[in-house]
Amino acid sequence: MTSARSSVGVPFGVRKHAAARLPARSAASGQRAPRNRRQTLLKVLVCVVALVVAAVPTLFLNTIYGYLPVLVVGFSMAFSAACLWILKRSLAYTEEFGLASCRRGSNFDFEVRIKNRSPLVFPKVEPWFAVSSLFEADDTLSSAVITLAPREERDFSFSVRFDHIGTYSAGLRRIVITDLLGLFSTTLENTKRCRISVEPKMYALDRPYLLDKTPSDSERMIVPTVTDTSEYIGVREYVWGDPIKTIHWKLSARAENYLTKQFEGYGTVGVTIVLDFFSPSYDSETLMSVFDCIVETALSVGNYAYENGMEYAFVYTARTGEKRKYQGHFTGFAELVDDMPGVSAEKGGRTGIELLREEGTARYAHGNIVYCTANVTEELAGVVSELKARKKNPMVFAVTPETLKDKQREDFLRPLRLLSNTGVTWIALADASELGKELR
């Protein structure tokens, strides 16, 4: 028998935490298990009822003819189960895809080929395609129901759009095969799905005050910094956030205010970029957009520093709750993004404010401190003001989701507006694309 071959396109649109543009036959993985259990119980009940009904003639005819219905039903079930066993071992599938990485907002193309290697007909084959999120849960599922003639091949091609950065697994999830009578089914699980790294975008900082002010300020950053050494070169008025152990108690007792020891500084020309992954409570889609904006803004600032020959470092709290400080050549950032915890409304590990204060008062601190956050508070404004008083050049990128409208957005940014008179630069962004032209 000659081989038949056909192609089937499967529209498969996906967003990070919400299904979008799925075909009619779609389901969430959390709903699939209860439905399958109900279907299995129903099939068992149908089989029992069929056997009982077939056994009724034996009560009236104690001959071979009385047992014939039971034998026919039993034989049909056994034959159907045997055919299913053969079909399961005759089905082959392969997956084809391009490079295992793409840019955020782009499409990734897949092709799955399913082949019937037996002379039997597959009455019902149901391939399921899935995209898993960062949390390794099936984010979206899509299926198609087909039949396969003897030796027939089917090609399924579909394109997945990835709107958020991170690492995903996608492709063929499972194939469900049903027997001739529709009473039994078996599942072939595909455990070797494609892993796709969705890379962040970077943008040029084309605003004049960013391009001109940052380098000129960083050249003047060799200033006194608070450290833990025993020798000091003078005293100054205590600023909230200074370590208690640096207070000069004897002089403070004779003065009206607390005085703190001032130590020799080791400021350097460079940029420290602190990422804060704590956010107000939003829906999951908005939280992922906030994460994209924070990461892409930070990487864009780092790229700007790299292109201008400045030192730079990324500081954040990792998934494990530990502080991370990334310094190195500006190349790939897949591992860096995977180490980040994702934006959450629940605090865990060290807070962004703690990291900001620590980096701003470190002995070999960079002169420029950039803070990327979606959590704007009066405490943040106070810490930034202190850094400015220490002759640092702090800059705040505040992520304001599009869901914040008018009065809500105004209230959200109010703490930062108090910084306008101090000369601190702060920028409100809904998306990192507002920084400037996309690079690469």
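**View 1. K323 is partly exposed, with a relative accessibility of 26%.** Here, buried means under 20% relative accessible area, exposed means over 50%, and partly exposed is anything in between (1.4 Å probe, protein chains only). This is a predicted model, in which local features need pLDDT of at least 70 and side-chain atom pairs count only at pLDDT 80 or more, while totals for chains, interfaces and linings use all residues. Residues are numbered from 1 along each chain as its sequence is written, and side-chain values use heavy atoms, leaving out hydrogens and water. Now look at the partner of K323: its side chain meets that of E358 in a salt bridge, 2.4 Å from N to O. (A salt bridge is a side-chain nitrogen of Lys or Arg within 4 Å of a carboxyl oxygen of Asp or Glu.) This pair ties together distant parts of the chain, with K323 in strand β16 (residues 323-326) and E358 in helix α7, 35 residues apart. Helices (H or I, at least four residues) and strands (E, at least two) are DSSP runs, numbered from the N terminus. E358 is partly exposed too, at 30% relative accessible area.

**View 2. Helix α7 meets helix α8.** The axes of α7 (residues 352-360) and α8 (residues 378-389) come within 10 Å and cross at roughly 5 degrees, so α7 is roughly parallel to α8. On the α7 side, I353, L356, R357 and G360 make the contact; on the α8 side, look for E379, L380, V383, V384 and L387. Contact means heavy atoms within 4.5 Å. The axes are lines fitted to C-alpha atoms, for helices over the stretch in contact, with angles from 0 to 180 degrees between N-to-C directions. Angles under 35 degrees count as roughly parallel, over 145 as roughly antiparallel, 65 to 115 as roughly perpendicular and the rest as oblique.

**View 3. E189 and R174 pair up in a salt bridge.** Their closest N and O atoms are 3.6 Å apart. E189 sits in strand β10 (residues 185-189) and R174 in strand β9 (residues 166-178), so to speak two distant parts of the chain, 15 residues apart. Which of the two is buried? R174 is, at 6% relative accessibility, whereas E189 is partly exposed at 41%.

**View 4. R113 and E111 make another salt bridge.** The N to O distance between these side chains is 3.7 Å. R113 is partly exposed at 23% relative accessibility, and E111 is partly exposed at 27%.

**View 5. Helix α2 holds S80 and F75.** The helix runs over residues 64-88. Leaving aside residues up to four places away in sequence, S80 touches D179, L180 and L181. F75, on the other hand, is exposed at 59%. F75 belongs to a nonpolar surface patch with F79, L180 and L181, and together they have about 440 Å² of accessible area.

**View 6. Finally, the whole chain.** How many helices and strands does the chain have? Count nine helices and 19 strands. Of its 440 residues, 47% are buried. Among contacts with a separation of 6 or more, 74% join residues 24 or more positions apart. A search of the whole structure turns up 19 salt bridges.

Key
Patch = residues over 30% accessible without salt bridge, like charges linked within 9 Å, V, L, I, M, F, W, Y side chains within 5 Å. Areas by Shrake-Rupley, 256 points an atom, 1.4 Å probe, with all protein chains shown as cover.
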